[in-house]
Amino acid sequence: MSLSDTAPQAARLQMALLREKTELERAEIARGLTLFVQKLAFAGMRERFPADSEDEIWLRLAVDRLGPDLVRKAYGRLPGEP
């Protein structure tokens, strides 16, 4: 695995430390990173659409991830629609 912004020695140490973690610990790390990315995405969408409700922001994020067709099927509408 190549981490282009990390020195090779640091990347080896990082991988060694990860290998020492249990499956649950690695899953918790992944969950934390996922939640962090979701918060960043939400904040970015909030910046673009400051007047939108929280539900509307989540709907916009769903469109970005799933596409408009699936969002309309799942939620019955797209962002900005009643």
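Contact here means that heavy atoms lie within 4.5 Å of each other. The structure is a predicted model, in which local features need pLDDT of at least 70 and side-chain atom pairs count only at pLDDT 80 or more, while totals for chains, interfaces and linings use all residues. Residues are numbered from 1 along each chain as its sequence is written, and side-chain values use heavy atoms, with hydrogens and water left out.

**Exercise 1. Describe the surroundings of Pro68: which residues does Pro68 touch, not counting residues up to four places away in sequence?**

Step 1. Begin with the location: Pro68 is found in helix α4, residues 68-75, where helices (H or I, at least four residues) are DSSP runs numbered from the N terminus.

Step 2. Setting aside residues up to four places away in sequence, Pro68 touches Val63 and Leu78.

Step 3. Pro68 counts as partly exposed because its relative accessibility is 42%; buried means under 20% relative accessible area, exposed over 50%, and partly exposed in between, with a 1.4 Å probe and protein chains only.

Step 4. For a distance across the model, take Arg26, which is 42 residues from Pro68 along the chain, and whose C-alpha atom is separated from that of Pro68 by 33 Å.

**Exercise 2. Check the length of helix α3 and find which of its residues are buried.**

Step 1. The expected span of a helix is 1.5 Å times one less than its number of residues. Helix α3 (residues 54-66) has 13 residues, so it should span 18 Å, and this agrees with its end C-alpha atoms, which are 18 Å apart.

Step 2. The buried residues in α3 are Glu56, Ile57, Leu59, Arg60, Leu61 and Ala62, and the buried residues of this helix pack against α2 (23-48) and α4.

Step 3. Just after α3 comes Gly67, which takes a positive phi of about 90°.

**Exercise 3. Work through the salt bridges: how many does the structure hold?**

Step 1. Side chains of opposite charge can pair when their charged atoms come close. A salt bridge is a side-chain nitrogen of Lys or Arg within 4 Å of a carboxyl oxygen of Asp or Glu, and the structure holds 3 of them.

Step 2. Arg60, in helix α3, forms a salt bridge with Asp52, the closest N and O atoms being 2.5 Å apart. Asp52 lies in the loop between α2 and α3, and both partners are buried, with a relative accessibility of 17% for Arg60 and 18% for Asp52.

Step 3. Now look around this pair, leaving aside neighbours within four places in sequence: Arg60 is in contact with Met45, Phe49, Asp52 and Pro79, whereas Asp52 touches Arg46, Ile57 and Arg60.

Step 4. The side chains of Arg77 and Glu56 also meet in a salt bridge, at 2.8 Å from N to O. Arg77 lies in the segment after α4 and Glu56 in helix α3, so this pair ties together parts that are 21 residues apart in sequence. Arg77 is partly exposed, with a relative accessible area of 22%, whereas Glu56, at 10% relative accessibility, counts as buried.

Step 5. Arg72 forms a salt bridge with Glu81, where the closest N and O atoms are 2.9 Å apart. Arg72 is partly exposed at 38% relative accessibility, and Glu81 is partly exposed at 29%.

Definitions and conventions:
Helix = DSSP H or I, 4+ residues; strand = E, 2+ residues; numbered from the N terminus.
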